[in-house]
Amino acid sequence: MKVLWITNTLFPDVCHELKISVPVVGGWMYSSAEALLKGNQNIKLGVASLYNGDQIRSLEIKGIAYFLIPRSGVKSMKGQSLDPYWKQVRDQFSPDVVHIHGSEYPHGLGYVNACGSENVVVSIQGLVSVYERYYFGGIPERKLCRDRTLRDFIRRDSIFSQRVRMQKRGELERKLINQVNHVIGRTRWDKSHTWAINPTAHYHHCNETLREVFYTKQWELDTCEKYSIFLSQAHYPIKGLHQMIDALPFILKHFPDTKLYIAGSDFVNNKGWRINGYGNLINKLIRKHKLMDKVIFTGILQEKEMCDRYLNSHVFVCPSSIENSPNSVGEAQLLGVPCVASYVGGTMDLIQHEENGLLYRFEEVEMLAEAVSKLFQDKELADRLSKNGRLVAGQRHAQFINSERLNSIYQEICK
C-alpha cells in the first residue's frame with residue numbers, strides 16, 4: 001500500500017540533504033513515520049512538503065520517497081497555483097491513501113482541489129477556525145491597542161492582523177474538512193468540532209507518537225531544579241504567558257526562589273522597532289511585578305535540549321487559552337514531569353485532575369498559582385502525579401499501538 005503524507009515541515013533527513021537547519025517543530029511526525037514503517041512492512045511511504053526551492057524535486061532517503069514542492073508556488077490562500085505540482089506527485093507516486101497532516105494550510109486544500117478527495121484523510125492537529133476565537137488570550141482589546149509598537153505598524157503584524165490571518169486560514173480549514181470523507185482526531189473536543197463542520201465525515205481516533213528521546217528518560221524530583229516552572233511555548237497570546245506572569249507573584253509569596261523558564265527566543269527584551277505588541281505587553285507585566293530576575297528565556301531548543309529542560313524543571317505548565325491535545329503535555333507526562341494545565345479544549349482528555357496532573361480555569365490566575373504551589377510543597381502529590389502521568393502517557397503515545405492503529409485506518413479507507 002502506498003501512502004502519501006502531506007506535511008507542513010521538512011523532515012530532518014531532507015534538511016540534512018539540503019544542508020539547511022532542522023525545524024524545531026514537527027519532530028513528532030518524523031517519529032510517527034519511523035514507527036509506522038518499522039511495524040508495517042506493507043507500506044511504502046511518500047512525504048510531500050513545501051521548500052524554498054524553485055523547482056519540484058524528488059528524493060529517496062532511507063526508504064521514504066520525498067517530494068519537495070516550491071513554496072513560491074503558493075500564490076493564493078487556496079493553493080490553486082500548486083495544481084500542476086500535485087498532479088505530478090500523484091501521477092509519479094500513485095498513492096492508495098493521501099494523509100494530510102494539519103487542516104489549515106493552503107497546500108493541503110490545494111491537493112484536494114487539484115486531485116480530488118478520494119481516499120484522502122486529514123489529521124486534526126489544532127483547529128484554527130476555533131482557535132481564532134481565543135487568539136487574544138482574554139486580554140482586553142483596548143489594552144492590546146495601547147501596547148502596539150512601531151514594528152506592528154511597519155510590518156503590518158499586530159495581534160489584530162495576526163488574528164485576521166488566522167480567521168482566513170480557518171476558512172480554508174473548513175473548506176478542506178467539508179470536502180473530505182475521512183478525518184483523524186484524538187480528543188472529544190476535535191471530534192465535536194469536526195462533526196459540526198462536516199457531520200458526514202468518518203472520524204477515526206488515533207493518538208500521536210511523540211519524539212523518540214521522550215520515551216527514554218525519566219524525571220526525578222531529587223535531581224530537578226527546585227521551584228522551577230517550564231513553559232514550552234509563549235510567543236503569542238493563545239499560549240497564556242501573560243497569565244503565568246500574573247500568577248507568579250502569588251507563588252513568590254510562598255516560594256521566593258521560584259524561576260520561570262520559557263522555551264524560545266527572548267521576544268520581550270527586544271529594543272526599539274524589534275519588539276512587537278505582545279512582547280511589549282509582557283515586558284510591562286514583568287516590570288510591574290518586578291520579575292526581571294525571575295523570567296528566563298532559554299533560546300531555541302533542539303529535541304535533546306528540550307528534553308533536558310523538562311527534566312530539570314519542578315513543574316511543567318500549559319496555560320493556554322485553547323489547545324486540542326498539546327504534545328508538550330504529552331512529552332512532560334511521558335517523562336513524568338508534574339503537569340498543570342488550563343481546562344480548555346481537549347486537555348481534559350490528557351489530564352484527569354489530581355490523578356495525573358492538575359487542571360484550573362484559564363482565567364483564574366489564582367488557581368494556577370495555587371496548583372503550582374501545591375506541587376512545590378507536596379512531594380507525595382508530585383510523585384503520584386509523575387508516576388500516573390508516565391503510565392497514562394505511555395499508553396496514549398505507545399509507538400507500536402499507534403502505528404498499528406494508523407495502518408488499520410489506511411486499510412479501512414482503501415476499502
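How many salt bridges does a search of the whole structure find? The search finds 17 salt bridges, a salt bridge being a side-chain nitrogen of Lys or Arg within 4 Å of a carboxyl oxygen of Asp or Glu. This is a predicted model, in which local features need pLDDT of at least 70 and side-chain atom pairs count only at pLDDT 80 or more, while totals for chains, interfaces and linings use all residues. Residues are numbered from 1 along each chain as its sequence is written, and side-chain values use heavy atoms, with hydrogens and water left out.

**Salt bridges**

- E60 and K44 are joined through their side chains by a salt bridge, with an N to O distance of 2.6 Å.
- This pair connects distant parts of the chain, 16 residues apart: E60 belongs to strand β3 (residues 57-61) and K44 to strand β2 (residues 44-51). Helices (H or I, at least four residues) and strands (E, at least two) are DSSP runs, numbered from the N terminus.
- E60 counts as exposed because its relative accessibility is 51%, whereas K44, at 27%, counts as partly exposed. In these terms, buried means under 20% relative accessible area, exposed means over 50%, and partly exposed lies in between (1.4 Å probe, protein chains only).
- R188 and D349 also meet in a salt bridge, at 2.5 Å from N to O.
- Here too the pair links distant parts of the chain, 161 residues apart: R188 is in helix α9 (residues 188-197), and D349 is in the loop between β13 (339-342) and β14 (358-360).
- D349 counts as partly exposed, since its relative accessibility is 22%.
- A further salt bridge holds D157 and R151, whose closest N and O atoms are 3.4 Å apart; both D157 and R151 are buried.

**The eight-stranded sheet**

- Eight strands build an open sheet with mixed pairing, in the order β3-β4-β2-β1-β5-β6-β7-β8. Two strands pair if DSSP finds at least two bridges between them.
- β3 and β8 (202-205) are the edge strands, each pairing on one side only.
- On average, neighbouring strands of this sheet are turned by 25° against each other, direction ignored. For such angles, axes are lines fitted to C-alpha atoms (for helices over the stretch in contact), and angles run from 0 to 180 degrees between N-to-C directions.
- β2 and strand β4 (residues 64-70) run parallel and are joined by six bridges.
- L50 has I69 as its bridge partner in β4.

**Cysteines**

- The structure holds zero disulfides, a disulfide being a pair of cysteine sulfur atoms within 2.5 Å.
- The sulfur of C318 is too far from any other for a bond, because the closest cysteine sulfur, in C339, is 8.7 Å away.
- C318 is buried, with a relative accessible area of 4%.
- C414 is likewise in no disulfide, and the nearest cysteine sulfur, that of C206, lies 15 Å away.
- C414 counts as partly exposed, at 32% relative accessibility.

**A nonpolar surface patch**

- V24, V25 and I300 make a nonpolar surface patch of about 250 Å². Patches are made of residues with over 30% relative accessible area and no salt bridge; like charges are joined within 9 Å, and nonpolar side chains (Val, Leu, Ile, Met, Phe, Trp, Tyr) within 5 Å. Accessible areas come from the Shrake-Rupley method with a 1.4 Å probe, and for residues only the protein chains shown count as cover.
- I300 is found in the loop between β11 (295-297) and α12 (303-311), and I300 is exposed, with a relative accessible area of 53%.
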